[in-house]
Amino acid sequence: MERKTPLISQEALRQQEEISDYLKLWWQNQGITPVAYVETYGCQQNEADSEQIRGILERCGYGLTDTAEGADLVVINTCAIREHAAQRVFGNVGALVHTKRRHPGQKIFVCGCMMGQPEISARMKNSYAHVDGIFSPHHLWQLPEHLYRVLIRHKKAWAVEDSAGAIAEGLPLVRTNRLKAWVSIMYGCNNFCTYCIVPYVRGRERSRLPEDILAECRELIAQGYRELTLLGQNVNSYGKDLGLGLDFADLLGQIAELEGDFVLRFMTSHPRDASHKLFDVMASHDKIAKQFHLPFQSGNDRILKEMNRHYNRAQYLELIEYGRSLMPEIVFTSDVIVGFPGETEAEFEDTLSLIERVRFDALFTFIYSPRPGTPAAKLPDPTPKEEKNRRFDRLLAVQNGISEEKHRAYVGKSFRALVDGRDGDRLTARTDGGRLVRFEGDDSLMGQFVELTVTDSTTWSLVGQISGDGAGRRD
Ligand code: 5AD
Ligand code: SF4
């Protein structure tokens, strides 16, 4: 089968590189080293996009700074998933009027998922005169061209035309972390869950070629990265558009077989496409972290149907059971939405009972937020806000109790963990299951795998100490 997803041509990418080089020279000729500030909202996909934005900006001659004050360029990478995030963006973009007044040469770009929503990008364009450019995720790779238009031609840059999406391979990247790397394996989503805006703003599912992904992973491992997280809105449908007979489980297995000491993670999975084969591959590779983020969204079959999720409660529970039968130590985390339009008290109770049945280590809990343009936003929603808040608090209390108990049960056990940072006088590390452990240790351990014994716990994290000779080798 022929590949359906268009790759941006090498020639088009080269043109952008030429513009980047031109802009770098343009700044040099003025004797200025410009600095750019990139602010990111939302999910890991946006974090990964911001790494590309920083990479492109560096190629255009920009240094990077961590404040909008005094920056020559501000890029706000937005998230559209819930109303609250969108409101914050409007507030913060509005406030940039003042930084621009204090630094009149400052240019301001707004990009990301919100700019993929026509009414929102129109509002940004029409009501925020100090914004110089807007581009949606489909137009990120053309950032040099947008900058050229603003800096050299003194025009505004608007690039928000809708598109099914394409893939730009080989864009420059500035990674924010030296130990942990995001590796996007696919973009977009075809699922159209009725509450979700993502398919409208990020286009159709399109997979990167396996050889490109493997080459990137090999290089990251050679550079010393210790944790790779494969990213996609729905990684389980990886490869469907490629027609190579290779699915996500195959890709995961191939990456796990690469030489080197690293831990491999992935997110996000959709239960509809999470296969037994995927659990089998996880169980048979030491390098794949025994952690699974598997959003269930609701524990009630009618609501799941209304959400267009294509699985039911029993099927979800069966997946969890299968995973645990193969890997008793596996850590499950999940996303859940409270107060979907028309959710009754009894239907909410089904969500609570699913949480009590599965006992997730951690849960990302959301109150339903209507997203204009999605089917769910048109459904009658008679439940008052106060009632939804009450359900949300109840759910949180149940989950906090479970998280606390699960964490307490880790006390006395030993885990291999990657030392990834410092928090005050303690080091921090992540277990293969993704749990955070604080422990006393020397900075020389940073970036190493260590063996930790858990000595204490809280609802959200663990306290530990180095056990044995401390080396977290795989036996
Ligand atoms: N309202 C509330 N939560 C949402 N999510 C996605 N769309 C919405 C919405 N409209 C949640 C889902 C998803 C997570 C990333 O955000 O739980 O898994
Ligand atoms: Fe949104 Fe559903 Fe796609 Fe996840 S799978 S991005 S919730 S439409």
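1. The outward face of helix α4 carries the exposed residues P118, N126 and S127, turned away from the buried side of the helix. Here exposed means over 50% relative accessible area, buried under 20%, and partly exposed in between, with a 1.4 Å probe and protein chains only. Helices (H or I, at least four residues) and strands (E, at least two) are DSSP runs, numbered from the N terminus.

2. This is a predicted model, in which local features need pLDDT of at least 70 and side-chain atom pairs count only at pLDDT 80 or more, while totals for chains, interfaces and linings use all residues. Residues are numbered from 1 along each chain as its sequence is written, chains are lettered from A and ligands numbered from 1 in the order in which they are written, and side-chain values use heavy atoms, leaving out hydrogens and water.

3. Which residues of α4 (residues 118–127) are buried? They are I120, S121 and M124. Seen down the axis of α4, these buried residues fall within an arc of 95°, so they line one face of the helix. The arc is taken from the directions from the helix axis to the C-beta atoms. The buried residues of α4 pack against α3 (83–102), β4 (107–112) and β5 (133–135), where contact means heavy atoms within 4.5 Å.

4. Helix α11 (residues 313–326) has 14 residues and should span 20 Å at 1.5 Å a residue; its end C-alpha atoms are 20 Å apart, which agrees. The expected span is 1.5 Å times one less than the number of residues. In α11, R313, Y316, L317, L319, I320 and G323 are buried. These buried residues fall within an arc of 150° seen down the axis of α11, so they line one face of the helix. They pack against α9 (276–284), α10 (301–306), β13 (331–338) and α12 (345–358), whereas A314, E321 and S325 are exposed on the face turned away.

5. The structure holds zero disulfides, a disulfide being a pair of cysteine sulfur atoms within 2.5 Å. C217 counts as buried because its relative accessibility is 0%.

6. The residues around ligand 1 (those with a heavy atom within 4 Å of it) include R82, Y195, D335 and S369. An oxygen atom of ligand 1 is 2.9 Å from an N or O atom in the side chain of R82. A nitrogen atom of ligand 1 lies 2.8 Å from a polar backbone atom of S369.

Methods: Polar contact = N/O pair within 3.5 Å; in protein donor to acceptor, adjacent residues only side chain to side chain.
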